[in-house]
Amino acid sequence: MNIKVKTKHTPGPWYLLEKVMFRYSVWANTPRGSEIIAETGEFSDANARLIVAAPELLEVIKNYLRHFDGTDTSAEVKAWLDAEGIPAMRTVIAKAEGGD
């Protein structure tokens, strides 16, 4: 289960747009439309991927910690990890590292 809370940062998902000369813009859909929220320097594709994955990384970590707050039994935690936690972690790590 994903918990939706108000954040101080621009909510994800964030997207990557390659610009001329290997510079990247990170943009998001906001109530005002598509907006650039960050730009990276030359040859920083790894940094840009990590920036784009940041909202999802934060959400996965929050969900993971929620399951270790002392209220779940070991069986419930294992079931969540197998069904949602580990797949979500692998997906967002791959996104941050430029994998599939």
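These legends walk through a few views of one predicted model.

**View 1. The whole chain, from start to finish.** Here you can count 2 helices and 3 strands, and from the N terminus they run β-β-β-α-α. Helices (H or I, at least four residues) and strands (E, at least two) are DSSP runs, numbered from the N terminus. Residue numbers start from 1 along each chain as its sequence is written. Because the model is predicted, local features need pLDDT of at least 70 and side-chain atom pairs count only at pLDDT 80 or more, while totals for chains, interfaces and linings use all residues; side-chain values use heavy atoms, leaving out hydrogens and water.

View 2. Of the chain's 100 residues, 22% are buried, meaning under 20% relative accessible area (1.4 Å probe, protein chains only).

**View 3. Two helices side by side.** Helix α1 (residues 45-66) and helix α2 (residues 74-97) have axes that come within 7 Å and cross at roughly 165°. Axes are lines fitted to C-alpha atoms over the stretch in contact, and angles run from 0 to 180 degrees between N-to-C directions. So α1 is roughly antiparallel to α2, a label for angles over 145 degrees.

**View 4. Where α1 meets α2.** Contact (heavy atoms within 4.5 Å) involves residues including L50, L57 and Y64 of α1 and W80, M89 and V92 of α2.

Conventions:
Buried < 20%, exposed > 50% of the residue type's maximum accessible area, 1.4 Å probe, protein only. Parallel < 35°, antiparallel > 145°, perpendicular 65-115°, else oblique.
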